[in-house]
Amino acid sequence: MRYKYLIISVYLLLGYQANSQNLPHIMTQQELQEMPVYLNSRSASPQGITTPPVSPVRTIAEWEELQGLVITWTSYYSILAEIVRAAKQETRVYLICSNTASAQNYLSALNIDTVNVTFVNASFNSVWSRDYGPWSAYTNNVDTLITVDWIYNRPRPLDDVVPGVIANIIGTPLYETTQAPYNLIHTGGNFMTDGAGTGFSSNLILNENSGKTEAQIDSIMELFMGINRYIKMSTLPYDVIHHIDMHMKLLDEETILMGEYPAGVADGPQIEANLLYVINNYNSIYGSPYKVIRIPMPPDNGQYPSNNGDYFTYTNSSFINKTIIVPTYNISQDTTALRIYKDALPGYNVVGINSLQSISALGALHCITKELGTSDPMLIRHQPLPDTYDQINPYTVSAYMEHRSGIATATLYWRTDTLLPYTSLMMTQGFNPAYWLADIPAQVAGTVIYYYVEGNAVSGKTQVRPISAPDGYWKFRVLSVTALNESGPVELQMAFPNPSKGITCLPVTVKYPTQLSVSIYDIEGKKVKEIFNNYVAPGVKNCFVNTQSFLPGVYFFVVQTDHGKHYQKLIVK
């Protein structure tokens, strides 16, 4: 028996509780003392492969097709039951438990049947399956499904072997980052990916692997998970677990849902600085600036984490195929949060689940769920078309499609009214055969066009994107130049905080697509800093500047579009 299993036995002999522990997200004082011994003893599981896959790999994005969802039945049964209720409609739920009958009886009492539920009788330490659970990846983008497992950043040995249990059940190879030079400590709540090689984490990943350089960490993530661009952000002062899923979420390849505090409150300043760092230094995989949607970080009875309030967050949500479950807290802001998700994700079943029971332990829904990718993936990517003034030329839709058997046919579906049926257009392969193209006919100004794409593999596999189609869709508008009013395509909101000495945000409401540049000028009319310059779609564009290095005095935001300039005074303390 390998050493990892020996240490599990030692923990049990020492009275380490195997099941039903209400362990928080943070390490207990006892665990802090145990961690060094645990790390020195961590070894591979019997079926674990400790060298990287031979073929290039791609880790799935959460919005891709799933074959299952993993939860651990302990601590927060009322929340877990509602997760089962929602998830079993979309995929198989793998419910890790120590007593199947007890779990079944609890669900039955709430009128939740066990169709599409697999009970996995296995040992565990805690409920936080996001952090210790398996990661799904594919060799060569869409070939073989593999399971990847890191060293869990908690001395909870039974939790740490759960990925191996799940890999055995779904029949995947298990790749582990347990042995030098590939040993890596990591936690699932501190990692997100766009499914195209970009990863996001806080600097916790650097702090917990202090014996490795950042380049070495990046190399391990690329070899085992296909992450070739790893974006890391500063940790937050009041989020003591430093998991990014507590304040942000990727909704697709170019959209970031970012939590927002009132100006200057709690982790708000660091969140804004991190957001500024990302949008100023990185573009999406399409080469476009990241779209940012803001969602409130609400108070706990008027208190924020900075004054002992619980860490209420709406970004700690989970995609489950065509459903997304969102934490709620029985407060008025819940309605706003659910509306933001519904607006951002047309066609999805947005389900709010009361998470008051778990949030005091620093976790909500994303923290206690872990997705399992399908064993037969079809990868479809498409950058949604922006609003346009063009009423003459057709609108070309280009979608990347890939399946291990090949793509036989592809179809574009479009309509101009959600009450009308879709019109179908056969797509043809482009110069790059992985891309499929079709043209939506030109439309008159004022038209809104709704569309989605479908791929059909040689094997017979069919997939749509967005995954929520046909109820879900992408959309764009055909605009009229004469619709521009006297104020032009943008309106400036009041910058905050102002006066400033640090991060300041200037919200710009963009009414029509336009080239937008935002710069800071001093009182003598000299440009001090350009903070944004790109083409933007309609919506609210939050422009950030860090005035920490500015001399005190009067400055001006100068906002320029194709139709003129706008100005706003900025005072730097």
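These legends walk you through close-up views of a predicted model.

**View 1. Three strands make an open sheet.** The strands come in the order E30-E31-E34, and their pairing is antiparallel. Strand E30 (490-492) and strand E34 (539-546) are found at the edges; each has a single partner strand, so one side of each has no neighbour in the sheet. On average, neighbouring strands here are turned by 30 degrees against each other, direction ignored.

View 2. Look for Leu492, whose bridge partner in E31 is Val508.

**View 3. Trp135 and Phe191 form an edge-to-face pair.** Trp135 belongs to strand E6 (residues 135-139), while Phe191 sits in the loop between strand E10 (185-186) and strand E11 (192-193), so the pair ties together parts 56 residues apart in sequence. Both residues are buried. Together with Trp150 and Tyr230, Trp135 and Phe191 form one aromatic cluster. Lys370 lies over the face of Trp135, 3.7 Å from the ring centre.

**View 4. Tyr277 pairs with Tyr282.** This aromatic pair is edge-to-face, with 5.8 Å centre to centre and 75 degrees between the planes. Tyr277 is partly exposed, and its relative accessible area is 35%.

**View 5. Arg381 lies over the face of Tyr400.** Here the distance from the ring centre is 5.9 Å.

Note on methods
Residues numbered from 1 in each chain as written. Predicted model: local features only at pLDDT ≥ 70, side-chain atom pairs only at ≥ 80, totals over all residues. Heavy atoms only, no water. Pairing = 2+ DSSP bridges. Helix = DSSP H or I, 4+ residues; strand = E, 2+ residues; numbered from the N terminus. Axes fitted to C-alpha atoms, helices over the stretch in contact; angles between N-to-C directions. Phe/Tyr/Trp six-rings, centres within 6.5 Å; stacked < 30°, edge-to-face > 60°. Buried < 20%, exposed > 50% of the residue type's maximum accessible area, 1.4 Å probe, protein only. Lys NZ or Arg CZ within 6 Å of the ring centre and 35° of its normal.
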